[in-house]
Structure formats: C-alpha cells, structure tokens
Amino acid sequence: MSPSIIFNLHLVLGYVAWLLCTSAYIFPKLKAMNSIDAQRAIATLHSFRFFGLVFILPGVVGHNLPVGFAPFAAYGDLATGLLAILALLMIRIRSLFWPLVVAFNLTGAIDIIVDYYHGVKLALPPVSGELGATYAIVIIYVPLLMITHVVAFYLMLRRQPNVIGGAARDAVTS
C-alpha cells in the first residue's frame, strides 16, 4: 500500500473512530450539561493545542515535509490554544467568555480546514512519513478537535431549554 493510501485511510478511520466515540459517549454528556460547562469542557481539550508548535520544532518532523505546511499548522494551533486558555480564564466574566469561545472555535476550525487545504495543495499524503512524531497528532488528535468544534457550534446554536422556568414550575407544582 502506498503512503498516500495509508495516510488517507488513517485519517478517515480517525474520524470514524472519534465520531463513534463522540456519538456514544461525548456528545450525550455535553448535551446534558449546561452550556457553560459543556463549552468549558471543549475549551479544556483545545487548550492543549499549544502543542502544535511541535510541527516547527527541529528534529521532530522530517526535512522533506512540504515547507508551507508546518508554520501555518503550528501557529494556528497556538492561536487556538491561547484563545481556549483565555476563555477558561474568563469563565466568570460571561461578556468575555462567550466571545472567546466563539473565537477559539472559529480560529481552530479554520486552522484545521486550511491545514487540510495546504496538505492537499502541497501533496502531503505521499510524504506523510515526514510528519514524524506529529503523524499521531494529525491522525488521532485532529479528528477529535474538528469534531468538537462542530459539537461546540451545535451547542452554541441550539435552543436552550428553559431550566430556570422548569425548576420554578416544578417548585410550584410540588
């Protein structure tokens, strides 16, 4: 099997595995949480994206990795991670928390989409072995990150049940 086929197969199966895990375990838990706690959990996962700087760490990736791929991936991850950390730090200031949640999710999703675009444009799959140790990030971690961005947007856009009204109604009928 060619490196391109293996890489693309790994990438697709990474999404399949995480979609199965997310639909069975992660999404039901996040949906049951209040919106702030759910976004906080997602932000905590994304706060580790500073680790993407490893793409530009000498000796971690191969010398034949397409030149335009690593810097954008590294700095996009760093920006997303820092925005997620800021969101977590601003949890008590809702007027800052929510814009930071939107910002890290938009930045992170755009980063991943542009990284995929660069990967295709720069013919990354045939030389995917040049990713070195970062191969696992691309195959295992990135699908989960993208899926949680989609979940975060879904949770932000869905209609929230009237929890206070429901609690008050329950208290009156008791």
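## Overall architecture

The protein chain of this predicted model contains six helices and zero strands, and from the N terminus on its elements run α-α-α-α-α-α. Along the principal axes, the C-alpha trace spans about 70 × 30 × 20 Å.

Of the 174 residues in the protein chain, 39% are buried. When contacts between residues at least 6 apart in sequence are considered, 82% of them join residues at least 24 apart.

Side chains of opposite charge can pair when their charged atoms come close. The structure holds two salt bridges, and Arg 49 takes part in the one with Asp 77, where the closest N and O atoms are 2.8 Å apart. Because Arg 49 lies in the loop between α2 and α3 while Asp 77 belongs to helix α3, this pair ties together parts that are 28 residues apart in sequence. Arg 49 has a relative accessibility of 1%, which is under the 20% limit, and therefore counts as buried; Asp 77, at 9% relative accessibility, counts as buried as well.

Arg 49 also forms a salt bridge with Asp 111, and here the closest N and O atoms are 2.9 Å apart. This second pair links distant parts of the chain, with Arg 49 in the loop between α2 and α3 and Asp 111 in helix α4, 62 residues apart. Arg 49 and Asp 111 are both buried. Through salt bridges that share partners, Arg 49, Asp 77 and Asp 111 are joined into one network.

## The cavity beside the network

Rolling a probe the size of a water molecule over the atoms shows where empty space is left. One cavity of 30 Å³ or more is counted in this model, and the largest cavity has a volume of about 30 Å³.

Helix α5 gives the most to the lining of the largest cavity, with three residues. By class, the residues of this lining divide into four nonpolar, one polar and two charged.

## The largest pocket

About 250 Å³ of space lies in the largest pocket. It is lined by 18 residues, and those closest to its centre are Phe 69, Asp 115, Tyr 116, Leu 124 and Val 138. Two or more lining residues come from each of the elements α1 (3-32), α3 (69-89), α4 (94-121) and α5 (135-157).

Among the contributors to the lining of the largest pocket, α4 gives the most, with six residues. The lining of this pocket has twelve nonpolar, two polar and four charged residues.

## Gln 39 in helix α2

Gln 39 has its place in helix α2, and because its relative accessible area is 1%, under the 20% limit, the residue is classed as buried. The side chain of Gln 39 reaches the backbone oxygen of Ala 152 at 3.1 Å.

Leaving aside residues up to four places away in sequence, Gln 39 touches Phe 97, Trp 98, Val 101, Asn 105, Ala 152, Leu 155 and Met 156.

His 118 lies in helix α4, and its relative accessible area of 18% is under the 20% limit, so the residue counts as buried. Not counting residues up to four places away in sequence, His 118 touches Gly 68, Phe 69 and Phe 72. Phe 69, one of these contacts, is also listed with the residues closest to the centre of the largest pocket.

Val 67 is located in the loop between α2 (35-46) and α3. In contrast to His 118, which is buried, Val 67 has a relative accessible area of 74%, which is over 50%, and so Val 67 is exposed. Although Val 67 and Leu 122 are 55 residues apart in sequence, they are 8.4 Å apart in space, C-alpha to C-alpha.

Methods:
Residues are numbered from 1 along each chain as its sequence is written. This is a predicted model: local features need pLDDT of at least 70, side-chain atom pairs count only at pLDDT 80 or more; totals for chains, interfaces and linings use all residues. Side-chain values use heavy atoms; hydrogens and water are left out. On a 1 Å grid over the protein atoms alone, a cavity is a set of points where a 1.4 Å probe fits but cannot get out, and a pocket is an open set with protein on both sides within 12 Å along at least five of seven lines; lining residues have an atom within 4 Å of a point. Grid points are joined across faces, edges and corners, and a volume is the space filled by probe spheres set on the points. Helices (H or I, at least four residues) and strands (E, at least two) are DSSP runs, numbered from the N terminus. Ala, Val, Leu, Ile, Met, Phe, Trp, Tyr, Cys and Pro count as nonpolar, Asp, Glu, Lys and Arg as charged, and the others, Gly among them, as polar. Buried means under 20% relative accessible area, exposed over 50%, partly exposed in between (1.4 Å probe, protein chains only). Contact means heavy atoms within 4.5 Å. A salt bridge is a side-chain nitrogen of Lys or Arg within 4 Å of a carboxyl oxygen of Asp or Glu. A polar contact is a pair of N or O atoms within 3.5 Å; within protein, one must be able to donate a hydrogen and the other to accept it, and residues adjacent in sequence count only if both atoms are side-chain atoms.
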